Amino acid sequence: MGTFLNGRDLKRKRSPLKSWDTIRNPSPVHERQLIVVVPIFSPPFHIDQRNLTRLSMTDLSDALKKRTRKILTILDRTYPDVECALHHRNAYELTAATILSAQCTDERVNMVTPALFEKYPTPASLAAAPQEDVEAIIQSTGFFRAKAKNLIGMARGVMELYGGEIPDSLEELVVLPGVGRKTANVVLGVIFGKATGVVVDTHVRRISNLLGLTTSQNPEIIERDLMRLLPRKSWICFSHQLIHHGRKICIARRPRCLECPLLKYCPRTGLPPLT
Ligand code: SF4
C-alpha cells in the first residue's frame, strides 16, 4: 500500500482520484463510476393499458413531464415522512451500511450492523480491524470477503485522507474503496442534505421502468434519466419513496396495482393487462 495523503494535501491536488487510484484496490462489488449520457427515451413509448395513441417526441416529453409531476404529488401525499431504511446514527455508520447493502436487502443489513458498530464504532477502530473478524460479522450479507475488504479500506481511507471524518462531497467520497455514486448519493442526501443525484437501487430501477420514467436497466442511465425528469428538490426523497412503495405495494413478484395510488398514471410497462 502506498503513501496516504491528508485531506488538505488531497484538496490541493488537481486530481485526487488519480492519487487515490495508486493505493486503492477495487473489489468485485465496487460500484462503477461511469456515467453514460443517452436520450431519456427510445421511441416509440407505449402506455399499454390506456387508449393513448403514439405521440410525437415533443408531445411525449410534455405529457411525460406532466405525468411525472402527478406521480411526485401522489408519492409526497402517500409517503410524506419517508426516511432512509438503513439504520444508522452518523455518516460513518450510513457509509458502512450502504456498502453492505450491495446485493443485499436493507433488512439483512440492519440485522448485522448493530454487532459491527458495537465492535467497531468509529472509522479508526474499523481501520485497525482484522479482516477475518469483520467477515465473520457481515457474512450473512453476501460477498462478505469483498465487503469486509471494502469496509476496512473505506475506514483507512477516511482516517488517512480526511482525518477520520466522512467527507461531504461526491468527489471526495467516490475515491474511497467500496464507495461509488450510489453510496455517495445516499450519504450526501441523508446526512448532509445535498442532492447530488438520484439513488438507484433495485426498487428504484424496477419501479422507474414500470412507471415509464426510464427504459434502461443500467443504474447510471436510470439516474441520468431521473435527474433530467425530476426537480432537484425531489432527488433525495424520490428514492426513499419508491423503496417504500416497492415494499408495500409495488412488490416485485406481485405488484398490487389495484390498490396502488399511482395506477392512473402508471403504464405498468411490461406487466400483463389488469383483469
Ligand atoms: S400501478 Fe402497479 S406497476 Fe404501477 S407503480 Fe403501482 S403497483 Fe407498481
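**Close-up views of a predicted helical model**

View A. Cys250, Pro255, Cys257, Cys260 and Cys266 come nearest to the ligand, among the 14 residues around it. By residue class, the shell around the ligand comprises 12 nonpolar and 2 charged residues, with no polar ones.

**View B. Packing of helix H4 against helix H8.** Helix H4 spans residues 91-100 and helix H8 spans residues 144-162. Their axes lie 10 Å apart and form an angle of about 155°. Because angles over 145 degrees count as roughly antiparallel, H4 is described as roughly antiparallel to H8. The crossing of the two helices, H4 and H8, is right-handed.

**View C. Residues in the contact between H4 and H8.** On the H4 side, the contact is made by Thr95, Ala96, Ile99 and Leu100. On the H8 side, Lys147, Asn150, Leu151 and Met154 take part. The residues of this contact divide into 5 nonpolar, 2 polar and 1 charged.

**View D. Secondary structure and burial in the chain.** The chain contains 13 helices and 0 strands. Of the 275 residues in the chain, 37% are buried. Among contacts in the chain between residues at least 6 apart in sequence, 63% join residues at least 24 apart.

Conventions
Residues numbered from 1 in each chain as written. Predicted model: local features only at pLDDT ≥ 70, side-chain atom pairs only at ≥ 80, totals over all residues. Helix = DSSP H or I, 4+ residues; strand = E, 2+ residues; numbered from the N terminus. Buried ≥ 20, exposed ≤ 12 C-beta atoms within 10 Å, placed from the backbone. Contact = placed C-beta atoms within 7 Å. Near = placed C-beta within 6 Å. Nonpolar A, V, L, I, M, F, W, Y, C, P; charged D, E, K, R; others polar. Axes fitted to C-alpha atoms, helices over the stretch in contact; angles between N-to-C directions. Parallel < 35°, antiparallel > 145°, perpendicular 65-115°, else oblique. Left-handed = near helix turned anticlockwise from the far one by under 90°.
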